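Please open the model in a viewer and keep the selection panel at hand.

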Amino acid sequence: MKTRSLALALALAFAAVVAGPSVSAVRAADDTIVFGAAVSLTGSLAKEGHLTQEGYDFWKDWINAHGGMKVAGKTYKVDIKYYDDESSPQTAARLVEKLIDQDHVGFILGPYGSGTTFSAAAVAERKKVPMVEGNGAAERIFNQGYRYTFGILSPARRYLEGIVDMGKAQTPKPKTLAISASNDLFSVEVQQGVVDYAKAHGIDVVYTAKYPENSTDVSAVISAIKAAHPDIILNAGHTNDALLVHKGLKEQNVQAMIYGYSVGPDTPDFRNALGRDANYVFGSAQWSDAVKYKGEKGFIPSAPQYAAEFQKKFGHKPDYHNAESTAACLAFQYAMQRGGSLDTEKVRDALAKLDVTTFFGILKFDSRGLNVFKPMVVNQIQNGELVTVWPAGLAQAKVAWPTPVWAKR
Amino acid sequence: MIGIAGNRVAILVAALAMLALLFVPLAKSDYTNALFRGILMYGAMSYGWNVIGGYTGYVSFGNVVFFGIGAYAAALLATHGITDIGLSIVAAMVAAALFAVVLGIPVLRLQGHYFGIATLSIALAAQDLISNIDAFGATNGLSPKAATLFGAAVPYVVTYYAMWVVCALALAGTYAVSRSRLGYALVAIRENEGAAAVLGINPTKYKVIAWAISGMMGGGAGAVFVYANSYIDPATAFAVDNNVFPIVMALLGGVGTVAGPLLGAFILTAINETLWNHFPFIHTLFFGAVIVIVVLFLPRGLLALIAARRSWSLYVQHLRAYRV
């Protein structure tokens, strides 16, 4: 008797596992190109994961609303199959495996975050399925010799270079720099990159430190920064880090010429949480809705137009996470159209050769699959509004300079 | 009763299930392999937890540390050119066991909640420590190349068989423990440590041995995981999931039994997989509810429930015994 019930339990478990959902893996056969994406809908990266999904969905709906996508004379609808990677690299890898194996998806859109992207890239490589990602900027992903992963972002090392360049163009010139970083894959690369860059450009790096990822108290770091009296205070981290550091700097009344963050000032949360203290803060961004690129035919050509349509659809302005996700889809779109094929191998080759300007900027990959051709932009918060101030050719407004004392911002 | 191994029929079924799992790769689907490799991985880790948490009664909240150490041992070997998967498993087991012994001698003198808290902090500290050591790749992680066996490159499916071996060793090891003097000593410590000492059992010695065995099981799983995932970073190696799942699996299947952890790994993985297939946005909510139900209504696991079938009073007794 006991054997029977146990066997029954095991059989049920098996059935539950194996049956799964009845997803019809629609492919080119019935005129729909299906993309697969494992994004973080829950977990520590859920906020950014949702922005990623919005960016993907915006592209999908736009293409379908405009009659679909033409590849080699035939018109296709597009669809995206999503799973939740729970912000865990381990889960992301398994889901990409599932997308390719079970759902027979031939094209992968990347997850959010460098860690999840890294493990997804390993699977894409093993399965020889092209993946375009717009949300994992760590250069290490691209130093593995992978052939099937393409990143449309400017790499992490270059994130804060723009702020240094911008600072050097001001008078009085800042001479010293301090940078703290969250101890994660992305932020550490950002830090290394700007330290090297500053040294090469005659700026004295007076303080560097890493603190544990997801810290809730960085006051010791702030005290050390204050003691070093830097002209430029930078932080490499994510939105929470930027908030934590900036509040800490105010509490301890640390005065500098430049306060710059790798991620944060771009999000409305940052401005809402800090109010007037957010003014004069610099943030680097992959994109802003003020950049003046002229996109080629096939999608919304300009950033302001993208922003307006996006706002209409989702009820909020797009930040760069949205835009870079949409741009990842665009890389696939142009590669498929230019390569004239939906064969995964041919799409990969077309991606490797891609050279196209979009509302997001240039999409072009070096031999590692990394987009080193697009510059970062620098935004500044002026009177509660985010405006693009650098590089000069793409700027909306002049840099507000110099930064006054805390009470007068 | 049937001794401390648990229901003999259940053990037989577990052994047969292990044999059946050998044939999973015949489906020729990497995803199916990955799914069942997950069951084997969590099975091995759950066996590891079961030795210390189930048999010895020392509830550890930090067993993921062995998984992490095993993973890093294998990844470090790989960065030095040693990618033999068999050797990696052995090295990982040795590293995890050594760590367990060194740490166990002080920590296993703690009892009850104090032990639980200490193990939890060990797991957190290990993650932070590795995040700051450049030789371990710090937070960048390490990414070993493909595995080899006896000097030859092997196909990816070998990671499945390697995980099978680790889980089979964990099952067999648990069975051996449950049949040995060691097993009875551990149960004696669980039931009454003072009385066990009076009987001539050296509690610290036996607890350290149990923890070392526990560590070997988790460490072996970590070594194979590195090759299955091609990438390891501290956040993955010491993930909360990898800490909690093995415990819940042992609870669900049956704590302190030979068949329980594998049964638990099977069912919990099946539930998890089905939930996120059907409810991609709120699956974690459902999954949390499942865990709560297990703890509330199945305090002694499914095996005990099956044994108590026909006898509601026995089931109610179990419930009463564990109600706070």
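How many residues of chain B are in contact with chain A, and how many of chain A with chain B? Select both sides: 51 residues of chain B are in contact with 41 residues of chain A, contact meaning heavy atoms within 4.5 Å. This is a predicted model, in which local features need pLDDT of at least 70 and side-chain atom pairs count only at pLDDT 80 or more, while totals for chains, interfaces and linings use all residues. Residues are numbered from 1 along each chain as its sequence is written, chains are lettered from A and ligands numbered from 1 in the order in which they are written, and side-chain values use heavy atoms, with hydrogens and water left out.

**Stop 1: the interface of chain B and chain A**

Display the surfaces of the two chains. About 4100 Å² is buried between chain B and chain A, and 61% of this area is on carbon and sulfur atoms. Buried area here is the accessible area (1.4 Å probe) that two parts lose on being put together, summed over both.

Next, select B:D30 and A:R126. These residues form a salt bridge, with the closest N and O atoms 3.7 Å apart; the term denotes a side-chain nitrogen of Lys or Arg within 4 Å of a carboxyl oxygen of Asp or Glu. The count between chain B and chain A is 3 salt bridges. There are also 12 residue pairs in polar contact between chain B and chain A, both residues at pLDDT 80 or more. A polar contact is a pair of N or O atoms within 3.5 Å; within protein, one must be able to donate a hydrogen and the other to accept it, and residues adjacent in sequence count only if both atoms are side-chain atoms.

Now colour the helices of chain B that face chain A. Elements giving two or more residues to this side include α1 (8–21), α2 (30–55), α5 (112–131) and α9 (203–229) of chain B. α12(B) gives the most, with 9 residues. Helices (H or I, at least four residues) and strands (E, at least two) are DSSP runs, numbered from the N terminus. Coloured by class, the side of chain B that touches chain A has 25 nonpolar, 18 polar and 8 charged residues. Ala, Val, Leu, Ile, Met, Phe, Trp, Tyr, Cys and Pro count as nonpolar, Asp, Glu, Lys and Arg as charged, and the others, Gly among them, as polar.

**Stop 2: chain B as a whole**

Chain B has 15 helices and 2 strands. Its radius of gyration is 19 Å, close to the 20 Å that the globule rule gives for 324 residues, so chain B is as compact as a globular protein of that length. The radius is taken over C-alpha atoms, and the globule rule is 2.2 Å times the number of residues to the power 0.38. The C-alpha trace of chain B spans about 55 × 45 × 35 Å along its principal axes.

**Stop 3: chain A and its domains**

Switch to chain A, which comprises 12 helices and 15 strands. Along its principal axes, the C-alpha trace of chain A spans about 75 × 60 × 40 Å.

Colour domain 1 (26–154 + 290–364) and domain 2 (158–285 + 376–408) of chain A separately; the bounds come from an automatic or database domain assignment. The C-alpha centres of the two domains of chain A lie 30 Å apart. Their contact takes 17 residues from domain 1 and 20 residues from domain 2. The area buried between these domains is about 1600 Å², of which carbon and sulfur atoms give 60%.

Which residues form a salt bridge with the closest N and O atoms 3.0 Å apart? Select A:D269 and A:K47 to display this pair. The count between domain 1 and domain 2 of chain A is 1 salt bridge. On the side of domain 1 that touches domain 2, α2 (46–65) and α4 (114–127) of chain A give two or more residues, and the largest share, 3 residues, comes from α4(A).

**Stop 4: local features of chain A**

Select A:D31 and A:K74, whose side chains meet in a salt bridge (3.0 Å, N to O). The pair links distant parts of the chain, 43 residues apart: A:D31 is in the loop between α1 (2–19) and β1 (32–39), and A:K74 is in strand β3 (residues 74–84) of chain A.

Move to A:A72, in the loop between β2 (69–71) and β3 of chain A. A:A72 has a positive phi of about 50° although it is not a glycine.

Finally, inspect two cis peptide bonds. One joins A:T171 and A:P172, with omega about -5°; A:P172 is in the loop between α5 (161–168) and β7 (176–182) of chain A. Another joins A:W401 and A:P402, with omega about -10°, and A:P402 lies in the segment after β15 (385–390) of chain A.
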